Amino acid sequence: MASSFYSNAQHVDFESVLGMDDHGMVSMFEALMASDLRGFLGCPAVVYEDALVDFFENASVRSRVIISTVGGQLVEISEELFAESFELPVDGFGDLSEIPKDAIFDARSIVSLSGEPISLSGRKNQMKMPFRLLCDIMAKAISVKAGSFNAITVEKFSLITVVVCRIKMNWAKFLFSILKKMVSAGSKQAKGFAIQISLLLATFPSLELGESSEFPASKVLTKNTVLRFVSINDRDGAEEVTGAAKKKAVSKKRPAADVGAAVPKKKRSFKKKSVSSMELVEVAEEAIPIQQVAEPLDVEEPR
């Protein structure tokens, strides 16, 4: 099913989100535009599902060019065509390992909700709301990773750093390398870029792509979907705080449980005292007259 190629995808309607009243969100989307990602993230959201299935089934990489057949027609996609189609920069860092460490350190404080540098092995709720959304965009639309989107990874945060610190990135090289992984045999790279591949295939006039389908509206970031994202993340954050408070309350009660656990120890020490069986019998016999005394004295004794 072609829908699996965009099940976790994310696209951006820049005209809608730039009109929001939220200054923090608007600044984040402006940073994406400054990073020259508008042509890639905000291109027309059209999908040719049948052509996508053909493309991925028949695609391979030869001499740094992606080759496939769609409807029996040969398709070749080079890095140059990829860059031109989405107006991607071809200068700058081509790999995330080249990003300066001091920039990553600075970004950890810039995006932090508390002001303290965030942990790169924690969850994204450490970050301010606009950067939580940016984390999702980087994971779903750029690196196309499957799995949990709440966790922060070094790769995700490196991409966030590029946008936040306005680092010059060779997006053409970086994104095309991800596309090559998608079509490489044995690769663990999740498949995606459904909109972008559809638009690339549309540049070949000889291809019969079939009917196009609209990209799911819920996966396009607009003013309304961003507000929904904020609402959901606010609620999840409140639930996490409540859960942490409950765990803290339970931990405070543990000393009382320890005191209660000490009671059986006193009983065990009492049993260590030696008491002979004869003494136990005598105590039982002496207890009988006491119970008889408690009976009423005005009852006549039968002759």
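User: Which label does Asp136 get, buried or exposed, and why?

Analyst: Asp136 has a relative accessible area of 5%. The limit for buried is under 20%, so Asp136 is buried.

User: Why is the pairing of Lys124 with Asp136 called a salt bridge?

Analyst: The closest N and O atoms of Lys124 and Asp136 are 2.6 Å apart. A salt bridge needs a side-chain nitrogen of Lys or Arg within 4 Å of a carboxyl oxygen of Asp or Glu, so this pair qualifies.

User: What about Asp136 and Lys140, and how far apart are they in helix α7?

Analyst: Their side chains meet at 3.9 Å, N to O. That is within 4 Å, so Asp136 and Lys140 also form a salt bridge. They are four residues apart in helix α7, which means a separation of about one helical turn. By this rule the count comes to two salt bridges, and Lys124, Asp136 and Lys140 are linked in a network.

User: What makes α5 and α10 roughly perpendicular?

Analyst: The axes of helix α5 (residues 79–86) and helix α10 (residues 194–201) cross at roughly 105 degrees and come within 11 Å. Angles of 65 to 115 degrees count as roughly perpendicular, so that is the label for α5 and α10.

User: Which residues meet there, and how many are nonpolar, polar or charged?

Analyst: From α5 come Leu81, Phe82, Ser85 and Phe86, and they meet Gln196, Leu199 and Leu200 of α10. The residues of this contact divide into five nonpolar, two polar and no charged.

User: Why is Thr222 called buried, and what is it in contact with?

Analyst: Thr222 has a relative accessible area of 18%; buried means under 20%, so Thr222 is buried. You will find Thr222 in the loop between β7 (220–221) and α11 (223–261). Leaving aside neighbours within four places in sequence, Thr222 is in contact with Asp13, Ser16 and Val17. The C-alpha atoms of Thr222 and Ser16 are 5.3 Å apart, although 206 residues separate them along the chain.

User: How do you know that Ser63 and Glu87 are exposed?

Analyst: Exposed means over 50%. Ser63 has a relative accessible area of 71%, and Glu87 comes to 67%, so Ser63 is exposed and Glu87 counts as exposed. Ser63 is in the loop between β3 (60–62) and β4 (65–70), and its phi is near 55 degrees, a positive value in a residue other than glycine. Glu87 lies in the loop between α5 and α6 and has a positive phi of about 50 degrees, although not a glycine.

User: Where is the pLDDT below 50?

Analyst: The mean pLDDT of the protein is 82, and 76% of its residues reach 70 or more. Over residues 241–246 the pLDDT is below 50, and this stretch has zero contacts in the model beyond near neighbours in sequence. Residues 255–303 are also below 50, with one contact beyond near neighbours in sequence. Where pLDDT is low, the predicted coordinates should not be read in detail.

Methods. Residues are numbered from 1 along each chain as its sequence is written. This is a predicted model: local features need pLDDT of at least 70, side-chain atom pairs count only at pLDDT 80 or more; totals for chains, interfaces and linings use all residues. Side-chain values use heavy atoms; hydrogens and water are left out. Buried means under 20% relative accessible area, exposed over 50%, partly exposed in between (1.4 Å probe, protein chains only). Helices (H or I, at least four residues) and strands (E, at least two) are DSSP runs, numbered from the N terminus. Contact means heavy atoms within 4.5 Å. Axes are lines fitted to C-alpha atoms, for helices over the stretch in contact, and angles run from 0 to 180 degrees between N-to-C directions. Angles under 35 degrees count as roughly parallel, over 145 as roughly antiparallel, 65 to 115 as roughly perpendicular and the rest as oblique. Ala, Val, Leu, Ile, Met, Phe, Trp, Tyr, Cys and Pro count as nonpolar, Asp, Glu, Lys and Arg as charged, and the others, Gly among them, as polar. pLDDT is the predictor's confidence in each residue, from 0 to 100.
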